[in-house]
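Have the structure open while you read.

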Amino acid sequence: MTAPSAPNAPLAALPGHPHLHRLDGQLFIEGCDLNDLAARHGTPLFVYSKAAMREALAAYQRGFAGRKAQICYAMKANSSLAILQFFAQEGCGFDIVSGGELARVQAAGGDLRKVIFSGVGKTRAEMRAALEADIACFNVESEAELTVLNEVSLSLGRRARVSLRVNPNVDAQTHPYISTGLKDNKFGIAHEEALAVYQRAAALPGLQVVGIDCHIGSQITEVAPYLEAMDRVLDLVDQIEAAGIALHHIDFGGGLGIDYNGDTPPAADQLWALLLAKLDARGHGQRQLMIEPGRSLVGNAGVCLTEVLYLKTGEQKNFCIVDAAMNDLPRPAMYQAFHGIVPLKEGSQEPSNPDDLTVYDVVGPVCESGDWLGRDRALQVAPGEVLAVLSAGAYCMSMASNYNTRGRAAEVLVDGDQARLIRRRESSADQLALESLL
Ligand code: LLP
């Protein structure tokens with residue numbers, strides 16, 4: 001995870017956002033002026049670049065050229081229907097973690113035979129829905145889950161294809177909340193127990209063992225934890241197959257990080273060049289592979305536009321109060337995460353006279369001191385101006401809530417000079433629709 005707070009980087013170095021650029025003093029995403037989008041659709045507004053998603057996906061596709069590999073987009077990163085539709089059209093499958101996500105894949109026209117179902121707490125109803133949809137594979141995370149999945153599939157007269165998520169006990173060197181491959185995490189089956197659980201799975205009539213899976217964490221910026229996890233998984237593959245259980249695929253999960261604040265994760269194709277070299281060296285290069293990337297496909301494709309409501313200067317701190325809040329952008333409050341914040345108006349961040357800059361905490365209207373989007377940001381802004389919160393494509397809209405009865409933001413997908421509203425702003429009526437008085 002990145003440093004909690006640091007001054008904004010100069011505009012020339014918009015971290016990781018090649019599709020954001022200045023033209024005639026305005027900030028554009030691809031061919032669309034962000035000020036125009038804010039004026040047309042209001043704020044807070046998420047805006048995504050299709051070209052940025054396409055490029056992020058292309059890096060993986062280059063990395064896997066000539067290999068048998070299925071990219072299953074981890075849709076928890078951003079599950080908006082049009083985003084799913086884009087990845088489906090590009091040939092991706094999906095990594096889902098709930099019945100709700102399955103319904104989204106169905107609504108977006110995704111290929112159900114490319115869906116894998118992860119997560120430690122699948123319910124019987126979710127298992128049934130996924131079996132009826134004939135998804136590719138369940139990534140099973142415990143022996144207890146195996147037993148239930150076996151029962152549910154027998155009751156439907158089916159055999160569930162399963163892969164066991166093994167926990168390689170590798171430190172992904174990321175924020176504790178998003179590190180998942182260590183022994184004390186709730187995820188996966190311990191390395192030492194994996195063979196015995198595979199033998200049990202292979203003996204259950206409602207299950208068909210098809211693969212092995214691991215995922216060690218998120219926002220990983222180093223190659224070493226991946227290489228280490230791969231070695232551990234391949235040790236298991238060798239043991240499991242020596243015991244007579246064939247594995248059709250190996251799933252290496254997701255987790256590759258993005259540049260939030262000068263982070264330098266490897267590019268997806270560079271990472272996979274190294275991982276595939278190891279696979280080749282260990283004699284597994286021609287295997288069917290699967291991966292579950294989320295953040296690295298969408299994170300830096302999106303920004304969140306927010307209007308400055310009030311400036312409040314104090315003895316200790318100055319506050320820039322904006323109309324987006326922790327319910328729209330929960331990552332700073334939850335993980336002390338850093339997102340770049342850039343005024344749309346040119347010069348607002350690098351005025352000719354640096355004395356014009358004021359250091360603010362950029363905060364939202366929610367009634368919590370934890371409702372901040374950026375700390376100690378040097379800005380020259382006025383009420384009514386619009387700011388862009390960067391790297392907001394992943395784990396922002398999909399984690400948004402209605403806290404303080406705030407409607408969720410609208411979303412726009414940009415393709416060249418075309419901008420499409422892909423989700424309208426949630427109204428109070430939308431929020432009240434599910435409830436009833438006594
Ligand atoms: N596969 C599994 C089993 C996962 O649990 C996850 C993410 C992924 C794939 C995708 O990982 P990615 O490629 O996006 O790193 N809300 C947090 C991130 C939570 C990640 C949870 N699991 C954040 O905002 O940083």
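Lys-122 sits in the loop that links strand S7 (115-117) to helix H5 (124-132); helices (H or I, at least four residues) and strands (E, at least two) are DSSP runs numbered from the N terminus. This is a predicted model, where local features need pLDDT of at least 70 and side-chain atom pairs count only at pLDDT 80 or more, while totals for chains, interfaces and linings use all residues. Residues are numbered from 1 along each chain as its sequence is written, and side-chain values use heavy atoms, with hydrogens and water left out.

Is Lys-122 buried or exposed? With 9% relative accessibility, Lys-122 counts as buried (buried is under 20% relative accessible area, exposed over 50%, partly exposed in between, using a 1.4 Å probe and protein chains only). Its side chain makes a polar contact with the side chain of Glu-145 at 2.6 Å, and a polar atom of that Lys-122 side chain lies 2.9 Å from the backbone oxygen of Gly-119. A polar contact here is a pair of N or O atoms within 3.5 Å; within protein, one must be able to donate a hydrogen and the other to accept it, and residues adjacent in sequence count only if both atoms are side-chain atoms.

On to the strands, which pair if DSSP finds at least two bridges between them. Strand S11 (residues 207-213) is mostly covered, with six of its seven residues buried. Strand S9 (residues 160-167) pairs with S11 in the parallel sense over six bridges, and strand S12 (residues 249-251) pairs with S11, also in the parallel sense, over three bridges. Gly-211 is a handy landmark: Ser-163 stands opposite Gly-211, and Gly-211 stands opposite His-249 in S12.

S3 and strand S2 (residues 26-29) pair over two bridges, and the bridge partner of Ile-29 is Cys-32 in S3.

What about disulfides? Counting pairs of cysteine sulfur atoms within 2.5 Å, the total is zero. Cys-92 is in no disulfide, with the nearest cysteine sulfur, that of Cys-72, 8.1 Å away. Cys-92 is buried at 3% relative accessible area. The sulfur of Cys-304 is 7.5 Å from the closest cysteine sulfur, in Cys-396, which is too far for a bond, and Cys-304 counts as buried at 0% relative accessibility.

Finally, the ligand: 18 residues surround it, and the closest are Ser-218, Glu-292, Arg-331, Tyr-335 and Tyr-395 (a residue is near if one of its heavy atoms lies within 4 Å).

| Side chain | Ligand atom | Distance |
|---|---|---|
| Asp-95 | nitrogen | 3.3 Å |
| Arg-331 | oxygen | 2.6 Å |
| Tyr-335 | nitrogen | 2.7 Å |

The protein covers 92% of the 590 Å² of accessible area that the ligand has on its own, by the Shrake-Rupley method with a 1.4 Å probe.
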